[in-house]
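Dear colleague,

Please find below the structure that I am handing over to you. My notes on what was found in it follow directly after.

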Amino acid sequence: MNRQIARLALVGVGLVTALIVATTYWQTWATAGLADRQDNEIQRVAQFSIKRGLIRAADGTILASNRIRKVGGQTLYLRRYPQGGLFAHVVGYSTQSRSRAGLESSLNDYLTGSNSNLGTVLKTTLDRIRGATIKGNNVWLTMRPSAQRVAMQQLAGKCGSVVALDPRTGKVLVMASRPTYDPNKVEKSFAQIRTTSAACRPAAPLVNRATDGLFVPGSIFKVVTSAAALDSGRFTIDSRFVDKGYCIEYGKQVKNFGDQNGPEVFGSVDFLQALEHSINAVFCEIGKTIGAGRILGTSKQFGFYKDPPLETPGNERSPSGLYSHGKLFYPSNPATQVDPGRLAFGQERMLTTPLEMAMVAAAVGNKGVIMEPHVVDRVTAPGGGIVKRTRPRKYRRAMRTKTAADLTRMMEAVVTGGTGTAAQIPGIRVAGKTGTAETGGTLNTTWFIAFAPAGAPRVAIAVVLQNQTGAGGTTAAPIAKAVMQAILAGRSNP
């Protein structure tokens with residue numbers, strides 16, 4: 001009898017323990033998972049009784065706050081975005097009717113105090129027991145409002161994006177996308193957001209072009225090709241070529257970009273001059289020599305063929321690489337499936353994001369090493385304690401240190417006397433590369449990537465513009481210059 005009673009007691013204790021564990025799990029650790037489910041209406045509405053944490057820029061500027069609304073005797077905390085569309089694509093929105101996007105979605109657990117950090121769990125549990133208002137954690141970003149404002153002003157009336165990183169740490173300093181939208185209008189005036197833009201069709205203002213926009217890279221991809229060629233050992237910075245103004249691919253002439261208006265022939269040049277003047281014919285020959293497989297392999301070292309690392313939602317980031325019929329394509333036999341000449345100067349079926357190309361520039365400036373990009377600096381508790389801090393972390397090595405040094409010299413030549421002179425900043429060494437990608441019509445996609453100061457870079461940048469009649473050196477390079485100047489002028493700021 002005593003043994004049976006003991007067994008019953010053990011079973012009872014086990015059931016009570018299981019109940020406590022299950023209740024704790026569903027009320028704390030699983031809350032974020034429940035909230036992410038689009039069909040969980042009760043959970044979504046209940047979360048608006050939580051005083052959601054603030055989102056701040058690097059200098060403390062408030063990017064997302066709360067406004068109080070009383071409904072049926074219940075206090076609800078609805079979102080307000082004081083900066084309007086300035087940070088919309090990164091911060092996103094949190095609404096009752098249209099759920100969430102951006103960091104409001106991916107960091108929902110931290111912002112609602114439902115993340116699994118022990119300190120947060122204990123505080124949230126105690127607040128529930130006391131019946132007190134649950135307060136979420138605050139999120140501090142790495143982005144600089146002054147430079148972000150310059151980028152958005154430079155993009156005004158255009159369709160494109162600017163991404164700027166600190167190559168030493170991976171911090172995202174600027175992430176701008178045009179056209180933008182006002183997240184304050186998502187809840188009740190969503191139709192006003194889906195407007196067209198004279199700069200691009202479709203306007204797609206909700207798309208973050210910085211991380212989810214895929215564009216033909218054109219000649220900025222020559223930086224990747226150059227890294228592949230130098231790392232292969234088959235070429236050096238002093239290797240010489242004879243430019244006839246074209247190369248032969250599959251029996252047809254592939255001409256230099258300038259040949260659209262007249263002959264452009266440089267004759268005898270070295271590798272540095274080939275990049276300085278962005279000579280397609282030379283890079284076409286380099287591509288045929290080293291092969292598409294090596295170029296694609298080097299692109300993977302830069303992070304192509306993977307979702308770019310960032311704290312924003314996965315469905316708002318796209319991998320760079322070759323695309324076929326709308327899908328990412330890595331050839332099983334590059335030698336027969338890919339045109340190496342056109343790939344070498346960024347045509348073929350190559351598509352890239354501005355974030356990826358900023359990472360390419362950062363890799364060259366940081367001696368061949370890419371630091372993992374991140375937009376979140378830290379998460380703090382309502383009382384101010386640190387919940388989580390992002391530490392700079394090496395993402396991958398893209399090339400040898402010697403290759404990065406040679407590429408720095410080559411990219412400096414682009415700015416001092418080549419196609420990128422519009423990016424020159426007095427007193428500061430700038431290394432860059434222009435790009436003008438043909439998209440099948442009369443308009444081009446134009447680019448500029450760069451880092452500065454070239455000797456010890458504090459910023460790496462990528463600028464892309466859609467539907468341009470000019471070239472990257474005249475359209476995108478001046479924007480990169482303005483944003484880099486804004487960042488370097490405020491380098492002592494957070």
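**Cavities and a disulfide**

Gln47, Phe48, Ile50, Arg52, Tyr77, Ser94, Arg100 and Thr112 line the largest cavity. Please keep in mind that this is a predicted model. The volume of the largest cavity is about 50 Å³, and its lining comprises three nonpolar, three polar and two charged residues.

In total, the structure holds two cavities of 30 Å³ or more. The second largest cavity has a volume of about 40 Å³. Its lining is made up of Leu63, Tyr81, Gln83, Gly84, Phe87, Ala88, Val91, Gly92 and Pro183. Six of these residues are nonpolar and three are polar, while no charged residue takes part in the lining of the second largest cavity.

I turn now to the cysteines. A search of the whole structure finds one disulfide. The bond joins Cys247 to Cys284, with an S to S distance of 1.9 Å. The pair links distant parts of the chain: Cys247 lies in strand S10 (residues 246-249) and Cys284 in helix H13 (residues 280-290), 37 residues apart.

Why is the disulfide of Cys247 and Cys284 described as right-handed? The torsion about its S-S bond is about 65°, so the disulfide is right-handed.

Are the two cysteines buried or exposed? Cys247 has a relative accessible area of 1%, so Cys247 is buried. Cys284 likewise counts as buried, because its relative accessibility is 0%.

With kind regards

Key: Residues are numbered from 1 along each chain as its sequence is written. This is a predicted model: local features need pLDDT of at least 70, side-chain atom pairs count only at pLDDT 80 or more; totals for chains, interfaces and linings use all residues. Side-chain values use heavy atoms; hydrogens and water are left out. On a 1 Å grid over the protein atoms alone, a cavity is a set of points where a 1.4 Å probe fits but cannot get out, and a pocket is an open set with protein on both sides within 12 Å along at least five of seven lines; lining residues have an atom within 4 Å of a point. Grid points are joined across faces, edges and corners, and a volume is the space filled by probe spheres set on the points. Ala, Val, Leu, Ile, Met, Phe, Trp, Tyr, Cys and Pro count as nonpolar, Asp, Glu, Lys and Arg as charged, and the others, Gly among them, as polar. A disulfide is a pair of cysteine sulfur atoms within 2.5 Å. Helices (H or I, at least four residues) and strands (E, at least two) are DSSP runs, numbered from the N terminus. Buried means under 20% relative accessible area, exposed over 50%, partly exposed in between (1.4 Å probe, protein chains only).
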